[in-house]
Amino acid sequence: MIITTHAYSRAGLVGNPSDGYFGKTISFLIRNFKATVNLWESPHFEILPGHGDLTRFDSVRDFLRDVRLHGYYGGMRLIKAAIKRFHDYCRKNDIALRQDSFTVSFHSDIPRLVGLAGSSAIVTAMMRALMQYYNVQIPKQYLPTLVLSVEKDELGIAAGLQDRVIQTYEGIVYMDFDREHLEKHGYGIYEPLRPPRLPPLYVAYDPARAEVSDIPHRNLRALFNAGDPTVLAAMQRYRQLTDRGREALMAGDWETLGQVINENFDLRRTIMNIAPENQRMVDVARSTGASAKFAGSGGAIIGLYRDGRHYQQLSDTLAKLGCTVIRPMIFEE
């Protein structure tokens with residue numbers, strides 16, 4: 001029997017990047033893209049390489065283009081680290097696992113390295129496969145913390161809990177990473193939201209703007225740890241923005257929500273460097289009257305549009321930059 005599990009891409013609606021700094025965020029799932037893991041029992045243990053782990057190309061030129069766009073980061077290391085951390089968790093919690101072997105294959109159609117949480121989706125899907133294979137139940141509120149430990153502790157990648165929370169809970173989730181609660185329990189306060197109606201959201205991305213997401217976070221982490229007053233004040237402001245965004249979301253107040261989205265990005269500019277091509281995406285989207293902020297760490301943006309005609313104008317305008325624009329599917333049909 002083949003076990004098949006999925007985890008979907010996501011976008012931060014408001015609050016990011018404060019999730020790693022005791023802030024608050026609201027995120028939503030993007031079911032348009034997903035990572036898939038297949039796992040089956042076999043006589044030996046094997047991990048089949050995914051696209052990002054390929055070592056054969058049609059030419060050196062194709063290889064260099066792949067490295068330029070995606071760096072040296074494939075999914076193989078994520079799968080390996082996830083399996084190790086899962087076994088560490090079971091050993092620590094006295095969960096006995098049967099001693100047999102399996103084969104893993106994985107695939108993802110999430111645009112790579114544009115801030116749509118492709119890496120954490122692979123890890124989350126792998127954890128789900130292992131839980132099903134071994135019939136192990138990991139508390140839902142703790143699973144995002146375990147998934148984060150795969151990248152943060154095992155691989156040394158700077159990241160926060162937000163991506164793993166939304167990929168675990170799905171839908172739309174309000175997250176409070178209150179420091180006292182987080183340090184006492186090992187996880188934040190997570191509340192799924194189901195607004196009476198969904199806002200008119202768009203997601204735009206350009207695969208050519210690939211960037212390893214933990215690079216900008218490393219600089220921000222250093223400033224936060226040093227007690228930089230601008231960074232500390234920004235993280236408190238993100239908490240306020242998230243609560244304001246939640247009220248607007250649940251009330252169907254799209255004008256206020258759009259203002260919150262714009263302010264979220266403008267605040268980000270005060271504490272992080274923004275690549276000119278990423279700034280251009282935001283500027284061009286706003287020039288049409290749409291709101292715009294990063295979905296994650298850059299390479300993709302999200303915001304609100306007014307109506308169908310406005311959405312078409314937004315799509316046509318961003319297409320001139322090489323961007324693809326989609327309407328995100330958030331909940332299961």
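Arg-98 is partly exposed in this predicted model, its relative accessible area being 40%. Its salt-bridge partner is Asp-100, with 2.6 Å between the closest N and O atoms. Across the whole structure, a search finds 18 salt bridges.

**The Arg-98 and Asp-100 pair**
- Asp-100, like Arg-98, falls in the partly exposed class.

**The Arg-31 and Glu-170 pair**
- A salt bridge links Arg-31 to Glu-170, and their closest N and O atoms are 2.8 Å apart.
- Arg-31 belongs to strand S2 (residues 24–41), whereas Glu-170 sits in the loop between helix H5 (162–169) and strand S5 (172–176).
- The pair therefore ties together parts that are 139 residues apart in sequence.
- Arg-31 has a relative accessible area of 15% and is buried, because that value is under 20%.

**The Arg-85 and Asp-153 pair**
- The side chains of Arg-85 and Asp-153 form a salt bridge with an N to O distance of 3.8 Å.
- Arg-85 is part of helix H2 (residues 76–92) and Asp-153 is part of helix H4 (residues 143–154), so this contact ties together parts that are 68 residues apart in sequence.
- Asp-153 is exposed, because its relative accessibility of 53% is over 50%.

Note on methods:
Residues are numbered from 1 along each chain as its sequence is written. This is a predicted model: local features need pLDDT of at least 70, side-chain atom pairs count only at pLDDT 80 or more; totals for chains, interfaces and linings use all residues. Side-chain values use heavy atoms; hydrogens and water are left out. A salt bridge is a side-chain nitrogen of Lys or Arg within 4 Å of a carboxyl oxygen of Asp or Glu. Helices (H or I, at least four residues) and strands (E, at least two) are DSSP runs, numbered from the N terminus. Buried means under 20% relative accessible area, exposed over 50%, partly exposed in between (1.4 Å probe, protein chains only).
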